[in-house]
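Please keep the sequence and the model in view while reading.

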Amino acid sequence: MNETIQAILSRRSIRKFTSEPIKPEDLKLILAAALSGPSACNFRPVHLVVMDDRAVIDQFAEIHKFAGMAKGAPLVIAVCAETNLSTISSHYWRDDAAAAMENLLLAAHSLGYGAVWCGGIIHCSDHEERHEGIRRLLGLPETVSPLGYAVIGRPAEKHPSYPETGDAEKVHHNVW
């Protein structure tokens with residue numbers, strides 16, 4: 001089986017990590033993969049905020065109530081995007097950032113790291129306080145919004161791969 005397909009089929013969300021740091025050359029590849037994602041009209045609105053300072057990661061984990069696993073990880077990357085580049089980018093920044101996040105997760109996995117995507121978009125009023133706390137922590141400009149956060153490290157847990165066939169009942173041909 002092709003290595004790329006194998007990485008896609010075997011990647012799982014990992015929430016427990018060893019204390020082993022991320023190699024600088026691996027981080028460089030992960031960031032390059034994220035920034036190589038497709039972009040509507042090639043506006044390239046995606047920005048990445050790398051959190052590798054223990055104090056910043058721990059503050060992030062305190063603010064983001066669903067990212068407690070970050071306290072045990074050596075790295076968190078915020079995938080953000082400029083939302084005001086154009087009328088088009090204001091509609092498609094989430095798509096561009098989601099593509100960047102998926103590339104990031106697959107790159108980390110292919111290099112032997114585990115990762116989990118923690119949400120960043122405001123969905124309801126109780127998320128607003130978390131969102132603003134993280135904006136302040138990371139010093140994000142008003143024109144930049146986070147899509148999500150990748151918590152990354154060497155996995156201290158293993159999950160089985162999904163079946164190669166996927167969920168066949170969720171595949172529809174031509175019509176539902």
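Predicted model: local features only at pLDDT ≥ 70, side-chain atom pairs only at ≥ 80, totals over all residues.

The side chain of Arg154 meets that of Glu20 in a salt bridge, with 3.2 Å from N to O. Glu20 itself is partly exposed, at 35% relative accessibility.

The pair links distant parts of the chain, its members being 134 residues apart. Arg154 belongs to the segment after strand E4 (144–153), whereas Glu20 sits in the loop between helix H1 (3–10) and H2.

## The other salt bridges

The structure has a count of 3 salt bridges. Side chains of opposite charge can pair when their charged atoms come close. Another of these bridges joins Arg54 to Asp58, whose closest N and O atoms are 3.2 Å apart. These two residues lie 4 residues apart in helix H3 (residues 54–63), so about one helical turn separates them. Arg54 is partly exposed, with a relative accessible area of 36%, and Asp58 is also partly exposed, at 27%.

A further bridge is formed by the side chains of Glu62 and Lys71, at 2.1 Å from N to O. Glu62 is exposed, with a relative accessible area of 55%, while Lys71 is partly exposed, at 41%.

## Helix H2 and its two sides

Helix H2 covers residues 24–35, which makes 12 residues. From its first C-alpha to its last it reaches 17 Å, close to the 16 Å expected at 1.5 Å a residue.

Which residues of H2 are buried? They are Asp26, Leu27, Ile30 and Ala34. These residues are on the same side of H2 because they cover an arc of only 100 degrees around the axis. An α-helix has 3.6 residues a turn, so residues three or four places apart point the same way. On the other side of H2, Pro24 and Lys28 are exposed.

## Cysteines

The structure holds 0 disulfides. Cys80 is in no disulfide, and the nearest cysteine sulfur, that of Cys118, is 14 Å away. Cys80 is buried, with a relative accessible area of 0%, whereas Cys41 counts as exposed, at 55% relative accessibility.

## The database record

An unreviewed UniProt entry lists residues 8–62 and 68–153 under "domain: Nitroreductase". In the model, the end C-alpha atoms of residues 8–62 lie 31 Å apart. This span is 44% helix and 11% strand.

Terms used. Residues numbered from 1 in each chain as written. Heavy atoms only, no water. Expected span 1.5 Å × (residues − 1). Buried < 20%, exposed > 50% of the residue type's maximum accessible area, 1.4 Å probe, protein only. Arc of directions from axis to C-beta. UniProt positions renumbered as here; feature names shortened; annotations may be inferred. Disulfide = S-S within 2.5 Å. Salt bridge = Lys/Arg side-chain N within 4 Å of Asp/Glu carboxyl O.
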